[in-house]
Amino acid sequence: MADDLGGDVFEIDVNLDRELATAIVLVNSHVPTLAEFPLLLTWDEVSGWALRIETDGHGDTAVLEFMGEDILPDPARVEQFLLEATNGQNPGMVAAPAFRFPNAQDDLERRLAEFCE
């Protein structure tokens, strides 16, 4: 995934040890109307990908929009989502999708393993 974003990735944090699996990708790009705020591309096992801004310099964030579509979309689609947002479009949805419950007994682990290959 990070390879698909190229030089736009500043930092990545993945946490699989908590109750909710998450990934946070701090990117170098900004949303035009909020250029002073750091932009993050985040993923969690319930809502999938979202765009957030860091609001206070201490890690607090606010959601701008959720990608929707699928819990694990093709990495090229995630890249397109980020690109559209940084070009001033609103490619996502405001309401958080609920693709699954945390720790649900489904095929997410298998899909994540394929995603990481």
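The model is predicted, so local features are given only at pLDDT of at least 70 and side-chain atom pairs only at pLDDT 80 or more, while totals for chains, interfaces and linings use all residues. Residues are numbered from 1 along each chain as its sequence is written, and side-chain values use heavy atoms, with hydrogens and water left out. The chain has three helices and five strands. Helices (H or I, at least four residues) and strands (E, at least two) are DSSP runs, numbered from the N terminus.

**Overall fold**

- Along the sequence, the elements follow the pattern α-β-β-β-β-β-α-α.
- Of the 117 residues in the chain, 38% are buried. Buried means under 20% relative accessible area, exposed means over 50%, and partly exposed lies in between (1.4 Å probe, protein chains only).
- Taking contacts between residues at least 6 apart in sequence, 45% join residues at least 24 apart. A contact means heavy atoms within 4.5 Å.

**Salt bridges**

- The whole structure holds five salt bridges. A salt bridge is a side-chain nitrogen of Lys or Arg within 4 Å of a carboxyl oxygen of Asp or Glu.
- One of them pairs Glu45 with Arg100, and their closest N and O atoms are 2.5 Å apart. Glu45 lies in the loop between E3 and E4 and Arg100 in the loop between H2 and H3, so this pair ties together parts that are 55 residues apart in sequence.
- Both Glu45 and Arg100 are buried; the relative accessible area of Arg100 is 9%.
- Arg100 also forms a salt bridge with Asp106, with 2.7 Å between the closest N and O atoms. Asp106 is partly exposed, because its relative accessible area is 35%.
- Salt bridges with shared partners join Glu45, Arg100 and Asp106 into one network.
- Arg77 forms a salt bridge with Glu69, the closest N and O atoms being 2.9 Å apart. Arg77 has 23% relative accessibility and so counts as partly exposed.

**A buried charge without a salt bridge**

- Glu84 is in helix H2 (residues 75-86).
- Glu84 is buried and has no salt bridge; Arg77, the nearest side chain of opposite charge, is 4.4 Å away. For charge, Lys and Arg count as positive and Asp and Glu as negative, while His and the chain ends are not counted.
- Leaving aside neighbours within four places in sequence, Glu84 is in contact with Arg77, Gln89 and Pro91.

**Positive phi angles**

- Most residues other than glycine have a negative phi, and most peptide bonds are trans.
- Glu69 has a positive phi, near 75°, and is not a glycine. Glu69 lies in the loop between strand E5 (61-66) and H2. Its relative accessibility is 51%, so Glu69 counts as exposed.
- Asn103 is a residue other than glycine with a positive phi, near 60°. Asn103 lies in the loop between H2 and helix H3 (108-116). Its relative accessibility is 49%, so Asn103 counts as partly exposed.

**The second largest pocket**

- Rolling a probe the size of a water molecule over the atoms shows where empty space is left.
- The second largest pocket has a volume of about 260 Å³. On a 1 Å grid over the protein atoms alone, a pocket is an open set of points where a 1.4 Å probe fits, with protein on both sides within 12 Å along at least five of seven lines; lining residues have an atom within 4 Å of a point. Grid points are joined across faces, edges and corners, and a volume is the space filled by probe spheres set on the points.
- Its lining has 14 residues, and Ile24, Leu40, Thr42, Gly59 and Thr61 lie nearest the centre.
- The elements giving two or more residues to this lining are strand E1 (9-15), strand E2 (22-27), strand E3 (39-44) and strand E4 (48-54). E3 gives the most, with four residues.
- The lining residues divide into five nonpolar, four polar and five charged. Ala, Val, Leu, Ile, Met, Phe, Trp, Tyr, Cys and Pro count as nonpolar, Asp, Glu, Lys and Arg as charged, and the others, Gly among them, as polar.

**Asp13 in strand E1**

- Asp13 lies in strand E1 and is partly exposed, at 43% relative accessibility.
- Leaving aside neighbours within four places in sequence, Asp13 is in contact with Thr22, Ala23 and Ile24.
- Asp13 and Leu26 are 13 residues apart along the chain, and 8.5 Å separates their C-alpha atoms.
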